[in-house]
Amino acid sequence: MTAAPVNRLSLAVVVIGSFGLLGIAIAAAQTSPQGDPNRGAVVAAQGVPKAGVPACAQCHAYTGSSDGSGAFPRLAGQSAYYLGKELADYAGGVRSNAIMTPIAKGLGATERADVAAYYAEVKGPFLPLADVSSALFKRGEQLAKVGDESKGLQSCDNCHGPGGAGQPPAIPYLAGQYGPYIAMQLRMWQRGYRRNSDDAMAYIAKRLSDGDIDAVAAYFQQVRRADQLAQDSRK
Amino acid sequence: MATRLKPVDAVTIGVGLTGSLAALELAKAGLKIVGLERGAARFTVPDFQSPPIHDELRFSIRKAMMQDNTKVAVTFRNDSNETALPIRRWESFLPGQGLGGSFVHWNGQSFRAQVADFIYKTHLEKRYGKKFLEACGPELIFQDWGVTYDELEPHFDRFEYLCGVSGTAGNIKGKIQPGGNPFEAPRAREYPNPALKEPYFGAIFRKGAESLGYHPYPQPSSNLSRPYTNPEGLSLQRCVFCGFCERYACEHFAKASPQTVILPALLNRPNYELRTNCEVLRINLDSTRRKATGVTYVDGAGNEFEQPAELVLITAFPLNNVRTLLLSGIGEPYDPRTGKGVVGRCYTYQTTGGPTVFMDESVNVNPFMSSGAPGTMIDDFGGDNFDHSGLDFVGGQYVGSIMTNGRPIEFHPTPPGTPTWGLEWKKAVARHYNHTILIQQHGTSTASRLNYLDLDPTYKDAWGQPLLRMTFDFPDNDIRMSQYIANKVVAIGRAMGGKTVVRGGTRKPYSTTFYQSTHNAGGAVMGDDPTTSAVNRYMQSWDVPNVFSLGASAFPQNITYNYSITIGALTYWALDAIKNQYLKAPGPLVQK
Ligand SMILES: Cc1cc2nc3c(=O)[nH]c(=O)nc-3n(C[C@H](O)[C@H](O)[C@H](O)COP(=O)(O)OP(=O)(O)OC[C@H]3O[C@@H](n4cnc5c(N)ncnc54)[C@H](O)[C@@H]3O)c2cc1C
Ligand code: SF4
């Protein structure tokens, strides 16, 4: 057990090893089809008319940035595994949504993998955001980075990565995701409408107050921008 | 001069597993209790959150959670003719410090002791005869515990439900259950939670072991398989197999620990007071030396206090329990020349070590995807589960593929013949990192007249008190036992498809320079005879009845398994006696 120089392989392992769930994801991802981002781009742009599937771009934008309303999640740069799994869950009924369920059902497994691969690759811009109150942001930051012992809540970053950067492939980024979307999903878990990842996310959502939900949602929407501003001020 | 504080009903020396569990029981009974802990207060939030909690250098290598051995070390020698030296770098065992004790950075491997363990002497003599035991080694000591498995069963059950143990029962009320350990002692009901999912290395072990006719089962674990609320109303979450469990605290509220399953129900009680950064120096006795008046401790600022108490519970981890008794002059110290005396006698450890199985490159083990207590094992060679007649030893080991991590500093297996540094080493690590399975052998440690604990004549702690001195080597009986099993396990490794199987097994001399186990046991053992035990069957001092020494220091010899579930059961058992008998009529619960 002597301390040895850490080689490149080991470094890669540090990153993966800190979040064991990933391993599970890797194992699962190996069995799902590899998507083709070029074919996926066509689905994003034009949909699959014969299957009644509209273009993803209608709501999520061709860049994956969606519109800034937060009614639709940002997809750009989310892992292909995660996007593919959510589509499969919509198709299989584990996750349900009036718009997404028929779309996911209309797509075949290959098309789902293609479109997931496409949105994983695109670098959609981050849209301008209105300010949020600093008190709300601070409370969100507290929950995200530290947690709340009195509620039995660990930090979001344990799984979602430092600053909510994500732990691909299994765990989505939250940083830069739209606040209203995050808040909506947490409330869906809380009330039992969203059921995938029940053991982890429903459990946690049930411990969050309305105020907590608004705070983490605001924090993660804004955190990238906060980072950017901090960087700018150093220049 | 020590400041004398207001008297309380009870103090615990240490607030780890036994200290918090005992205090909760007494607090419910209405007693005013003070918990004195030498380390700092710490909680899941904010202290155990990642990324800082996954700092391998800090926690695994530099042992951030362990007893501060710049202040209080333990000295060690193999044999009483040698001069013991202080262990300045913990390796072999890792006693904890800080609120929650070692039960914060433990793995969560959750076993009950066997029926025969508690009646070891009676059982072995009946099955093999006194001559057989004599032939195993004239220096060996065999003793019964004074308490039986049947008496403890309800307490085992209660402690498992407190922790939310995840497992598959093998024996419910004498009926063997499919999928569980057919050798386990009968339990009243199922585990509170289903077993963890089987990792790939566990599945490969299962296949290999099954093909040889053994009985694989999932390791029972206090890393939880699903969200769970325990009978104290405290909630745990599901383990995410983060790979940083043993030597680390859980950031997910997913591992049973004082912080998750006991303390929240204790700390909010007005009759409980926790004082951290308080080092207890000794238990004070009155002039008769038959009654403790309380304890003396030093706080973080160096001020000395006397805390009077009616009842003193030593809950400081076995090594510190024994040292506290010795420093306080409670019980007769063991003398290895005459074999007389009880405090320090029957110090035992654990026999560990197993083979390394190097697999083909097509087998991706993903060792980083693991928890503290995952995997698949067999108990065919545990304790006295197999017939020893015709063999030249007693005892046994469990065997399993229960890998806990693939952490980069600690885990880089290479086959024999690989250079220990340089390009060839790096290549070998890259080749084998994800294609190697470790198998653990883990088992009994027989007590011996030659192994004991006493106070060191030379070395002192930061407060000028003698350090504990450990004199220990594995009895030859235990080496023969472990090597016999090592042969069997090599065959399992081959049946798993191992390309190269490096044989394991415990070897002499015992060395403190690599990790084996933190299951230090004995030194203040329980029993029915005051000439061979320091505490009675309720872990009450024979000599000073208002002192109880709780924990594995009470084990007359060490069992096959990781011992905390048995410690929890014994603690509940003792506390039952304290609440229902002792408090009504303070005094000896068993007459000398
Ligand atoms: C790395 C590791 C892995 C383990 N894995 C397992 C496992 O998988 N399964 C299992 O069954 N067991 C396991 N254990 C063992 C388990 O941690 C112990 O059995 C359990 O914690 C013992 O409880 P205790 O109350 O006796 O001691 P602890 O929980 O260690 O508590 C003792 C407390 O007393 C304090 N203390 C000591 N002396 C003084 C003093 N003079 N004044 C004030 N305070 C003092 C200490 O700081 C400590 O906080 C493991 C242990 C380690 C270290
Ligand atoms: S392996 Fe599981 S129980 Fe252990 S620290 Fe990680 S999440 Fe917690």
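User: Which residues are the closest to ligand 2?

Analyst: Cys239(B), Cys242(B), Cys245(B), Cys250(B) and Ser371(B) are the closest. In total, 13 residues surround ligand 2. To be near a molecule, a residue needs a heavy atom within 4 Å of it. Bear in mind that this is a predicted model, where local features need pLDDT of at least 70, side-chain atom pairs count only at pLDDT 80 or more, and totals for chains, interfaces and linings use all residues. Residues are numbered from 1 along each chain as its sequence is written, chains are lettered from A and ligands numbered from 1 in the order in which they are written, and side-chain values use heavy atoms, with hydrogens and water left out.

User: How many of the shell residues around ligand 2 are nonpolar, polar and charged?

Analyst: Seven are nonpolar, five polar and one charged. Here Ala, Val, Leu, Ile, Met, Phe, Trp, Tyr, Cys and Pro count as nonpolar, Asp, Glu, Lys and Arg as charged, and the others, Gly among them, as polar.

User: New topic. Where is Arg247(B)?

Analyst: Arg247(B) is in the loop between strand 11 (235-236) and helix 9 (258-267) of chain B. Helices (H or I, at least four residues) and strands (E, at least two) are DSSP runs, numbered from the N terminus.

User: What is the phi of Arg247(B)?

Analyst: Arg247(B) has a positive phi of about 80°, though it is not a glycine. Most residues other than glycine have a negative phi. Phe253(B) also has a positive phi, near 55°. Phe253(B) sits in the loop between strand 11 and helix 9 too.

User: Is Arg247(B) buried or exposed?

Analyst: Buried, because its relative accessibility is 2%. Buried means under 20% relative accessible area, exposed over 50%, partly exposed in between (1.4 Å probe, protein chains only). Phe253(B), at 6%, counts as buried as well.

User: Why is helix 10 of chain B called largely enclosed?

Analyst: Eleven of its eleven residues (318-328) are buried, so the rest of the structure largely encloses it. Among them are Pro318(B), Arg323(B) and Ser328(B).

User: What follows helix 10 of chain B?

Analyst: Gly329(B) does, with a positive phi near 70°.
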